[in-house]
Amino acid sequence: VQLQASGGGSVQAGDSLTLSCAASGRTSIINSMAWFRQAPGRQREEVATIYKTGGTKYADSMQGRFTISRDNANDTMYLQMNSLKPEDTAVYYCNAGTGAGRESAWYYYWGQGTQVTVSS
């Protein structure tokens, strides 16, 4: 599985931005796709996840501002980010969980990051 993230950029506080993550290869084995982000000097944190079933989960701080979605026909995941804040500045990464059994046993593929910079 290969993942290609895109859509990052430099915006002003309050603006919106949509990130995309296109999956290719053995996409039929993907159980979940997710967005993570990593700000300078901080650990990578989970932003949102969408499962093959359509279920989603969000980090508390992003709930209500960010929306994750997936176009199954094109194997592409999106992250709509509204009301962006300077603290949302980070490199955003997408991943895909694959395999059988419990989620904790899945193998995760990662895409390259896309930079999001929010200025005040």
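Modeller: A working rule first: DSSP must find at least two bridges between two strands before they count as a pair. The model is predicted.

Colleague: What makes E1 and E3 a pair, and in which sense do they run?

Modeller: E1 and E3 are joined by 5 bridges. The rule asks for at least two, so they pair. Their sense is antiparallel.

Colleague: What is the strand order of the open sheet?

Modeller: E1-E3-E8-E7, 4 strands with antiparallel pairing.

Colleague: Why are strand E1 (2-6) and strand E7 (66-71) said to stand at the edges?

Modeller: Each has a single partner strand, so one side of each lacks a neighbour in the sheet. From one strand to the next, the twist averages 15°.

Colleague: What makes the link of cysteine 21 and cysteine 94 a disulfide?

Modeller: The S to S distance is 2.2 Å. The cut-off is 2.5 Å, so the link qualifies. A search of the whole structure finds 1 disulfide. The two cysteines lie 73 residues apart, cysteine 21 in strand E3 and cysteine 94 in strand E9.

Colleague: Which hand does the link of cysteine 21 and cysteine 94 have? And are both cysteines buried or exposed?

Modeller: Right-handed, with 70° about the S-S bond. Both cysteine 21 and cysteine 94 are buried.

Colleague: What makes the approach of the arginine 65 and aspartate 88 side chains a polar contact?

Modeller: The distance is 2.8 Å. The limit for such N or O pairs is 3.5 Å, so the pair passes. Beyond four places in sequence, the contacts of arginine 65 include Gln80, Asn82 and Leu84.

Colleague: Which residues have the most contacts inside the largest nonpolar core?

Modeller: Met33, Trp35, Leu79, Met81 and Tyr92, in a core of 29 residues. Among the strands that each supply at least two residues of this core are E3, E8 and strand E9 (90-98).

Technical notes
Residues numbered from 1 in each chain as written. Predicted model: local features only at pLDDT ≥ 70, side-chain atom pairs only at ≥ 80, totals over all residues. Heavy atoms only, no water. Axes fitted to C-alpha atoms, helices over the stretch in contact; angles between N-to-C directions. Core = buried A, V, L, I, M, F, W, Y, C linked by side-chain atoms within 4.5 Å. Buried < 20%, exposed > 50% of the residue type's maximum accessible area, 1.4 Å probe, protein only. Polar contact = N/O pair within 3.5 Å; in protein donor to acceptor, adjacent residues only side chain to side chain. Contact = heavy atoms within 4.5 Å.
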